[in-house]
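Visitor: Hi! Could you walk me through this protein model? I'm new to reading structures.

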Amino acid sequence: MIVCSCNCLTEAQIRESCARGEGAPRSTFEVYKCLGCSPKCGTCARTIRSIMDEVIGRDACGVCPVAAGSACGAANIADALNAAIEPLPAGTALVAAE
Ligand code: FES
């Protein structure tokens, strides 16, 4: 099925480009670039994003590579940072720096 009529991109081409693992496109713009073209009218962008979400994983933030069905690495980093910050002792008051 043709998804992008301006560039004659098929759904299969888009799926294949997104499933390349490392180096796979992480944005719609990168999908066009990966397939040797660029966006023209942009009508297909949402459909391309939907296909990407199916192939890469709906929770992907687009910043880090994640395997389909796994959690976004950025969320893992936030969890790790939160766990590394020691809570303040009870009764400690925060004072704004001057
Ligand atoms: S339909 Fe894809 S850029 Fe126009």
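Guide: Happy to, and we'll go from the overall layout to the core and then to some details.

Guide: One thing to keep in mind is that this is a predicted model.

Visitor: Okay, what secondary structure does the chain have?

Guide: The chain has 4 helices and 2 strands. Starting at the N terminus, the elements run β-β-α-α-α-α.

Visitor: And how much of the chain is buried?

Guide: Of the 98 residues in the chain, 17% are buried.

Visitor: Let's look at helix 1. Which residues are buried there?

Guide: Helix 1 covers residues 11–18, and its buried residues are Ile14, Ser17 and Cys18. Looking down the axis of helix 1, you'd find these buried residues within an arc of 95°, so they line one face of the helix.

Visitor: Why would residues a few places apart point the same way?

Guide: An α-helix has 3.6 residues a turn, so residues three or four places apart end up pointing the same way.

Visitor: Nice. What covers the buried residues of helix 1?

Guide: The cover includes both strand 1 and strand 2, along with helix 2 (28–34) and helix 3 (45–56).

Visitor: Which residues make up the largest nonpolar core?

Guide: That core has 12 residues, including Val3, Leu9, Ile14, Cys18, Val31, Tyr32 and Met52. At least two residues come from each of strand 1, helix 1, helix 2 and helix 3. Helix 3 gives the largest share, with 4 residues. In soluble globular proteins, nonpolar side chains tend to be buried together.

Visitor: Let me pick one, Val3. What is Val3 in contact with?

Guide: Setting aside neighbours within four places in sequence, Val3 is in contact with Leu9, Thr10, Glu11, Ile14, Cys44, Thr47 and Ile48.

Visitor: Back to the helices. At what angle do helix 1 and helix 3 pack?

Guide: They pack at about 45°, and their axes are 9 Å apart. That angle makes helix 1 oblique to helix 3. The crossing of helix 1 and helix 3 is right-handed.

Visitor: Which residues meet there?

Guide: From helix 1, Glu11, Ile14, Arg15 and Cys18 meet Ile48, Ile51, Met52, Val55 and Ile56 of helix 3.

Visitor: New topic: where is Cys8?

Guide: Cys8 is in the loop between strand 1 (2–4) and strand 2 (9–10). Cys8 has a positive phi of about 55°, although it is not a glycine.

Visitor: Is Cys8 buried or exposed?

Guide: Cys8 is exposed, because there are 11 other C-beta atoms within 10 Å, and a residue with 12 or fewer counts as exposed.

Technical notes. Residues numbered from 1 in each chain as written. Predicted model: local features only at pLDDT ≥ 70, side-chain atom pairs only at ≥ 80, totals over all residues. Buried ≥ 20, exposed ≤ 12 C-beta atoms within 10 Å, placed from the backbone. Arc of directions from axis to C-beta. Contact = placed C-beta atoms within 7 Å. Core = buried A, V, L, I, M, F, W, Y, C linked by C-beta atoms within 7 Å. Axes fitted to C-alpha atoms, helices over the stretch in contact; angles between N-to-C directions. Parallel < 35°, antiparallel > 145°, perpendicular 65-115°, else oblique. Left-handed = near helix turned anticlockwise from the far one by under 90°.
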